[in-house]
Amino acid sequence: MPLPFVTADREDAVHAAQSVTLAEADRDLWRRPYRPGPWRVAGGALLLLLASYVLFSALIIALAGGLPSGAICAGGGLLLIVLAVRLLRAGVWVSSYGLRQVRVLRTTTLRWAEVGTLRTLQRPVRWLGMPRTVQGQALVLVPAGRAVGERTLLTNQNADFLSRPRAFDRAADVIEGWAAESR
């Protein structure tokens, strides 16, 4: 019985799919040019685990006769699921239209004409999005036509790139490449 998921053929197919050049990629689809990091996936998994407990408790409360309380509890569980999905979708997305920065509670989209310069800087960055700052690298966007108002897109200390410096460098290069090709 062949097991393609454990053979070297599978790894070759994955590497071939990752090596697709930007010209060959479907440029009209929004795509994140990097994989979500282990911290982001773990946070989403914990939120979904908590949501399952809350939804199960909503079922028990509703079966015990407290229908309004069960509905409130179920609403909280659904809110946790939405929050987990938004957490997993957070990041920088690119397409032929422009650059989209998805955060947990807000999404910002810029057309490529509005994107000024993208550069990687050494600076204090927030560690896992918390108030504590550490020295790190950040991919910074300066919108076109403005000298002030730079926006940090990615850092090497966020949930996608913590302890993955090569992945941060690759993602920053790919995003800068999309910007250079699309302007």
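Mentor: Start with burial. Buried means under 20% relative accessible area, exposed means over 50%, and partly exposed lies in between (1.4 Å probe, protein chains only). This is a predicted model: local features need pLDDT of at least 70, side-chain atom pairs count only at pLDDT 80 or more, and totals for chains, interfaces and linings use all residues. Residues are numbered from 1 along each chain as its sequence is written, and side-chain values use heavy atoms, with hydrogens and water left out.

Trainee: Why is Thr-155 called buried?

Mentor: Its relative accessible area is 10%. The limit is under 20%. So Thr-155 counts as buried.

Trainee: Where is Thr-155 found, and what does Thr-155 touch?

Mentor: Thr-155 is in strand β6, residues 151-155. Strands (E, at least two residues) and helices (H or I, at least four) are DSSP runs, numbered from the N terminus. Contact means heavy atoms within 4.5 Å. Leaving out residues up to four places away in sequence, Thr-155 touches Val-125, Arg-126, Gln-137, Ala-138, Phe-161 and Phe-168.

Trainee: What makes the pair of Thr-155 and Asn-158 a polar contact?

Mentor: The rule asks for a pair of N or O atoms within 3.5 Å; within protein, one must be able to donate a hydrogen and the other to accept it, and residues adjacent in sequence count only if both atoms are side-chain atoms. The backbone nitrogen of Asn-158 lies 3.2 Å from a polar atom of the Thr-155 side chain.

Trainee: Is Trp-112 buried or exposed?

Mentor: Buried, because its relative accessible area is 3%. Trp-112 sits in the loop between β3 (107-111) and β4 (115-126). Among the residues it touches are Val-94, Tyr-97, Leu-99, Trp-178 and Arg-183.

Trainee: How do you know that β1 and β2 pair?

Mentor: Two strands pair if DSSP finds at least two bridges between them. Four bridges join β1 to β2 (residues 98-102), and the two run antiparallel.

Trainee: What is the order of the open sheet, and which strands are its edges?

Mentor: The three strands run in the order β1-β2-β3, with antiparallel pairing. The edge strands are β1 (91-94) and β3, as each pairs on one side only.

Trainee: What makes β4 and β5 a pair?

Mentor: The count is 11 bridges, in the antiparallel sense, with β5 covering residues 133-143. Thr-117 has Val-142 in β5 as its bridge partner. The two strands form a hairpin with six residues between them, and Leu-128 in the turn has a positive phi of about 55 degrees.

Trainee: Why is the contact of Arg-111 and Glu-114 called a salt bridge?

Mentor: A salt bridge is a side-chain nitrogen of Lys or Arg within 4 Å of a carboxyl oxygen of Asp or Glu. The closest N and O atoms of Arg-111 and Glu-114 are 3.3 Å apart. So the pair meets the definition. Arg-111 is partly exposed at 41%, and Glu-114 is partly exposed at 30%. By this rule the count comes to four salt bridges.

Trainee: What makes a set of residues a nonpolar core?

Mentor: The members must be buried Ala, Val, Leu, Ile, Met, Phe, Trp, Tyr or Cys, joined through side-chain atoms within 4.5 Å. The largest such core has 20 residues; Leu-99, Leu-118, Leu-153 and Leu-154 have the most contacts inside it. Helix α4 (165-182) is one of the elements that give two or more residues to this core. With seven residues, α4 gives the most.

Trainee: What does Leu-153 touch?

Mentor: Not counting residues up to four places away in sequence, Leu-153 touches Val-92, Leu-99, Gln-101, Leu-118, Leu-139 and Leu-141. Apart from this core lies another, of eight residues, including Leu-47 and Val-54.
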